[in-house]
Amino acid sequence: MISIKHLSKTFHNPDGSVLTVLKDVNCDIEKGEVISIIGPSGTGKSTLLRALNMLEPPTGGEIWLDGENIMSKGYKLDKMRQKMGMVFQSFNLFEHMTVLQNITYVPVQLHKMSEEQARTEAMDLLQKVGLAQKADVYPESLSGGQKQRVAIARALAMHPEVILFDEPTSALDPTMVGEVLSVIRKLASEGMTMLIVTHEMRFARDVSTRIFFMNEGIIYEDGSPKQIFEHPVRSATKAFVNRIQKLVYEIDSDQFDYLQIHTGVNQFCIKYNLADLTDAAYSIIKEMLFEHLKGIRPMTLRLTHAELSGETALDFMVEGLTQSPLPRNEAVESLRSRVKSIVEEPTTRGFRVKIILR
Ligand code: ADP
Ligand code: MG
């Protein structure tokens, strides 16, 4: 369906600097594939999607869609835009139109669909994304998750052959990520061809037929989710997919700022969609610092979250110890029964008590 050959994009900035973001991108995409594009930020994932539908005209290379090179002179971009829908991080709805008008506008104006048919189809699409009851409201009254579902319905109204999603959940409150991902999952199960730039690693693993890891201006590694997430060939891919997010505090004395820790833990949990763990994490930190590890200072406290496996843990690390600082008593046994597991292990410089929350 799509064939990308030696695609490149160089930006010439007003200050004279030159930045080559896409160096040499090559791939073939078949009908029905669901491809997640992952990679560090700034590696050109958005630029690739924008180059694909000519929002950001590429500097070189070829893009073939259904046997036609859309970069050739004389190719009608409207034709490509009908075939390739796009959903943006920031929704980009028309704020002065109702939800229904947002969906029917382009089909009626540009594609000369009858008002009547456009309406019927739009209502079916709203039903599909669970928003039939919102047809006549304006976008400003919708939540972010609802706006994004409208944006998806609007893209579908063009009967596209492929939809490009650029981080569709990044601008959302964590509580709304799920509703948008489940609409995308549904489209995937219906065989919709999609390219999805996402930071949601577990979603990417579950929903995709293929993963592109972008790095250094190219598709650095391309494979099935199993290959990319479990057996990556290249070391940069491996480092990226096994990335662990960390929050670290040095606890020097008992005068540490526990309010700061509380705020930090709270923000970390919101950011990584772990809000349900916030209270447990904070109360275990207090219990450990003031009871089980009372007086054991200095100590390094870490909250870690492995994005792919989902493992979330609290580490209490003390330098210079050769055995566990954790006492053997009933209170500790009670703690053990409330968490997934507790691992006590020596490190190169001391000892670590790792409390695995999930
Ligand atoms: P990603 O989506 O992977 O985070 P982007 O494609 O947004 O990365 O950006 C890649 C690089 O290109 C960044 O360094 C960004 O600053 C630069 N860039 C993106 N768009 C433009 C533009 N219109 N003009 C100049 N530089 C740009
Ligand atoms: Mg981006």
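The model is a predicted one. Its chain is divided into domain 1, residues 2-241, and domain 2, residues 244-356. Ligand 1 has a shell of residues that divides into three nonpolar, seven polar and two charged.

**Around ligand 1**

- Let's start with the neighbours: ligand 1 is surrounded by Phe11, Asn13, Leu19, Val21, Ser41, Gly42, Thr43, Gly44, Lys45, Ser46, Thr47 and Glu56.
- Thr47 places a polar side-chain atom 2.5 Å from an oxygen atom of ligand 1.
- For Ser46, an N or O atom of the side chain is 2.8 Å from an oxygen atom of the ligand.
- Thr43 takes part through its backbone, where an N or O atom lies 3.2 Å from an oxygen atom of ligand 1.
- Taken alone, ligand 1 exposes 560 Å², and the protein buries 63% of that.
- Two or more residues of the shell come from each of β2 (18-29) and α1 (45-52).
- Of the elements, α1 gives the most to this shell, with three residues.

**How the two domains meet**

- How far apart are the C-alpha centres of domain 1 and domain 2? They lie 39 Å from each other.
- Where the domains touch, eight residues of domain 1 are in contact with six residues of domain 2.
- The area buried between domain 1 and domain 2 is about 610 Å². Carbon and sulfur atoms give 55% of that area.
- On the domain 1 side, Pro174, Met201 and Arg202 lose the most area to domain 2. Together these three residues make up 61% of what that side buries.

**A closer look at Phe88**

- You will find Phe88 in the loop between β6 (84-87) and α3 (99-109).
- Leaving out residues up to four places away in sequence, Phe88 touches Arg50, Leu55, Gln148 and Asp166.
- Phe88 and Ser341 are 253 residues apart along the chain, and their C-alpha atoms are separated by 41 Å.

**Two backbone details to look up**

- As background, most residues other than glycine have a negative phi, and most peptide bonds are trans.
- His6 has a positive phi of about 45°, although it is not a glycine.
- Which peptide bond is cis, with omega near -5°? That bond runs from Arg297 to Pro298.
- Pro298 itself lies in the loop between α11 (278-292) and β12 (299-306).

Note on methods. Residues are numbered from 1 along each chain as its sequence is written. Chains are lettered from A and ligands numbered from 1 in the order in which they are written. This is a predicted model: local features need pLDDT of at least 70, side-chain atom pairs count only at pLDDT 80 or more; totals for chains, interfaces and linings use all residues. Side-chain values use heavy atoms; hydrogens and water are left out. A residue is near a molecule or strand if one of its heavy atoms lies within 4 Å of it. A polar contact is a pair of N or O atoms within 3.5 Å; within protein, one must be able to donate a hydrogen and the other to accept it, and residues adjacent in sequence count only if both atoms are side-chain atoms. Accessible areas come from the Shrake-Rupley method with a 1.4 Å probe; for residues, only the protein chains shown count as cover. Helices (H or I, at least four residues) and strands (E, at least two) are DSSP runs, numbered from the N terminus. Ala, Val, Leu, Ile, Met, Phe, Trp, Tyr, Cys and Pro count as nonpolar, Asp, Glu, Lys and Arg as charged, and the others, Gly among them, as polar. Domain bounds come from an automatic or database domain assignment. Contact means heavy atoms within 4.5 Å. Buried area is the accessible area (1.4 Å probe) that two parts lose on being put together, summed over both.
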